[in-house]
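This document leads the reader through one protein model, from its overall form to individual side-chain pairs. The sequence and structure are shown first.

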Amino acid sequence: VVAVFQDTTTGTMMLQMPFYPHGSVDEWVKDAPGWIKVRTVLQDVTGALAHLHVNHVVHSDIKPPNILVGPGERGKLADFDISVDSRIRTTQQYLVTTRVRVGWTAGFEAPELQQTGSTAATDMFALGKTLSQLREWCIDEESATSAGDVDALVRVLTANAGAQRPSADAAANHAFFKPLLAFRREQTSNCCICLELKRHSEGAVCAEGHLTCTGCMQGHVHTCAGQELRLLREREGRVSCPNRGQLGCSAAPFSDSELGQTVSAAVFDSYVKGRMRLLESSVREEMEEEAERRIQAELQRLRTLDEGQRKVLAARKHVEEEILTSKCPRCRTAFLDFEGCCALKCSRCPCNFCAWCGEDCSNSSQEAHQHVARCAAKPPGADVYYPGDRSEFHSKQAKHRAPKLESYLRGLDNGTRAALLRELQGTLRELYSHVLRAFGV
């Protein structure tokens, strides 16, 4: 879309689309542009289909009138009126719709179309029929194998079974298109940045035929990769032709393989890092949004609690975080578990402490080990430094915490205590059953 206009009197919206002076491919070939140019247009269309299919879009109406020839005699795929989002093909709505209404053009429909609806495979069948109509303009009369390459590609694209047809990506690498590689390498154009005349093999060429030489592409990619996240997000981290935007180029961004073949390893690495930076930012934003949703949901839940429920919630939080959770005795940083020696060091402050009794042993690892070796909280027969049987260790920890838990529970009013014990019954049942019994639970 070039521009959007609105009639101020009637409110009618009008779209201005690009003008293609060469018209559709079936009209353009009548001027005998040459087999290499016709194959170039078909390769552009095959690449466009690959882009659509990877983004779950099926065109559904591939035929010569829907292929336009743009500036530089490059192919443009048009008319998406009956295109389909293939991500909904497994829904009941899609299955019902395809039984009732399937769009196509007679002569280009795949054998399975009315049963399956439009798919990537039916697009490839229509592309094969399109190629068969343009066959005579695709043949290099000076090559003995040219006609055979055309017919071979038509044959695989129009196979009766959809599963036997190649994907658009695979079709783009067929022998039919290989002569274009050598031809393009020897083509020359002015670089769209430095304006020097260069061979196409000395740079990268966008889908609209604009050449960016290797030296200029190095700087262009490096600049794009280092832009702020807002600009990276607008481009989805990709690198487009320098003529894109105000200079009128509407070509799709360069693929990773095109960039990798054109710029140095260091510059390509900066491009990858730019895309990773964007991805990390997107993941971080999604996580922040999810955290915010959870916070708001929790706040809403808290607003609906009455005074009694709030007291129970506060009591549960205290029991779980301050009594049942092991913490550094100095900075109160929680730790869930540990491996190895019971002489522990806090991950947040310089405190060394005993895992058995939780005593602060100053900042000295040596003092912590000396304390652990003689700690009275260890069960008889325990190793000097290591906890041994974990179940025995956790039982000892529970025994150490039980008096504090029982004391806290006795300080609560009867209603809060009863409600709290109902909620914590499953948590306390294994290691603190004697505490539950003390309160008749």
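The structure is a predicted model. It contains 17 helices and 12 strands. With a radius of gyration of 35 Å, well over the 22 Å given by the globule rule for 441 residues, the protein is more spread out than a compact globule. Its C-alpha atoms fill a box of roughly 100 × 55 × 55 Å along the principal axes. Of the 441 residues, 38% are buried. Where contacts join residues at least 6 apart in sequence, 52% of them link residues at least 24 apart.

Within helix 12, Val267, Ser270, Tyr271, Gly274, Leu278 and Ser281 are buried. The cover over the buried residues of this helix includes helix 9 (214-225), helix 10 (229-235) and helix 11 (256-262).

The largest nonpolar core comprises 32 residues, and Val25, Leu42, Leu49, Leu131, Cys138 and Phe176 have the most contacts inside it. At least two residues of this core are supplied by each of helix 1 (25-28), helix 2 (35-54), strand 4 (67-69), helix 5 (120-133), helix 6 (146-157) and helix 7 (168-172). Helix 2 provides the largest share, eight residues. A second, separate core of 20 residues includes Cys341, Cys342, Ala355 and Trp356.

Charged side chains form a further set of contacts. Side chains of opposite charge can pair when their charged atoms come close. A search of the whole structure finds 23 salt bridges. One of them joins the side chains of Lys311 and Asp413, with an N to O distance of 2.9 Å. This pair links distant parts of the chain, since Lys311 lies in helix 13 (residues 307-323) and Asp413 in the loop between helix 15 (390-410) and helix 16 (414-428), 102 residues apart. Lys311 counts as partly exposed at 40% relative accessibility, and Asp413 is likewise partly exposed at 36%.

Which salt bridges join residues about one helical turn apart? In helix 13, the side chains of Glu321 and Lys317 meet at 3.1 Å, N to O; because these residues are four apart in the helix, about one helical turn separates them. Glu321 is partly exposed, with a relative accessible area of 36%, and Lys317 is partly exposed at 48% relative accessibility. In helix 15, Glu406 and Arg410 form a salt bridge at 2.9 Å, N to O, and their spacing of four residues again corresponds to about one helical turn. Glu406 counts as partly exposed at 25% relative accessibility. Elsewhere, salt bridges that share partners join Glu228, Arg230 and Glu234 into one network.

How values were computed:
Residues are numbered from 1 along each chain as its sequence is written. This is a predicted model: local features need pLDDT of at least 70, side-chain atom pairs count only at pLDDT 80 or more; totals for chains, interfaces and linings use all residues. Side-chain values use heavy atoms; hydrogens and water are left out. Buried means under 20% relative accessible area, exposed over 50%, partly exposed in between (1.4 Å probe, protein chains only). Contact means heavy atoms within 4.5 Å. A nonpolar core is a set of buried Ala, Val, Leu, Ile, Met, Phe, Trp, Tyr and Cys residues joined through side-chain atoms within 4.5 Å. A salt bridge is a side-chain nitrogen of Lys or Arg within 4 Å of a carboxyl oxygen of Asp or Glu. The radius of gyration is taken over C-alpha atoms; the globule rule is 2.2 Å times the number of residues to the power 0.38.
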